[in-house]
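Here are some notes to read alongside the model.

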Amino acid sequence: MLFRSRRVGLSYGILGLSALLWPLAGTLALGIVLIGFTGFLEGPAYSGTIALRQRYAPPAARAQVMTTVTSISQLMLSAGAALGGAIHHPMTLIVMFVAVNLVAAAGALSRRRP
């Protein structure tokens, strides 16, 4: 269990840091490739997070936990889109993306075995 949590933390850290490559894109095509690369790196973090939720949620409440987390995720996606529309400086948004993912990585890496 601890090993999976560490892998999720490392995955979030790597995908967050990969966003630092985005400003290097000189063309739209390269930008799409770099953002796609970050999306590819999100796979292990996303699937690992779901596995951890299933493992730690009590069986009787697992459906409620997953539904609640999905609802909160949708809310945060909407809030992120609104924030992105309000902030017109791409580097600010990239730094915020990196920071959020590094905080998630730190949280997963600092988790103690129950």
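1. Helices (H or I, at least four residues) and strands (E, at least two) are taken as DSSP runs, numbered from the N terminus. Ala 105 lies in helix 4, residues 90-109. Please keep in mind that this is a predicted model: local features need pLDDT of at least 70, side-chain atom pairs count only at pLDDT 80 or more, and totals for chains, interfaces and linings use all residues. Residues are numbered from 1 along each chain as its sequence is written, and side-chain values use heavy atoms, with hydrogens and water left out.

2. For the overall picture, the protein has four helices and zero strands, in the order α-α-α-α from the N terminus. Its C-alpha atoms fill a box of roughly 50 × 30 × 20 Å along the principal axes. Buried (under 20% relative accessible area; exposed is over 50%, partly exposed in between; 1.4 Å probe, protein chains only) applies to 23% of the 114 residues.

3. Back to Ala 105: which residues does Ala 105 touch, leaving aside its neighbours within four places in sequence? With contact meaning heavy atoms within 4.5 Å, the partners are Gly 9, Tyr 12 and Gly 13. Gly 9 is 96 residues away from Ala 105 in sequence, yet their C-alpha atoms are 3.9 Å apart. Ala 105 counts as buried because its relative accessible area is 5%.

4. Thr 49 belongs to helix 2, residues 28-56, and is buried because its relative accessibility is 15%. Other buried residues of helix 2 include Leu 34, Leu 41, Ala 45 and Leu 52.

5. The expected span (1.5 Å times one less than the number of residues) is 42 Å for its 29 residues, and the end C-alpha atoms are 42 Å apart, so the two agree. Helix 2 also bends by about 30° at Glu 42, with Pro 44 following within four residues; the bend is the angle between axes fitted to the seven residues ending there and the seven starting there.

6. Finally, helix 2 meets helix 3 (residues 62-86) at an angle of about 145°, with axes 9 Å apart. Here the axes are lines fitted to C-alpha atoms over the stretch in contact, and angles run from 0 to 180 degrees between N-to-C directions. Ile 50, Arg 53 and Gln 54 of helix 2 meet Arg 62, Met 66 and Val 69 of helix 3.
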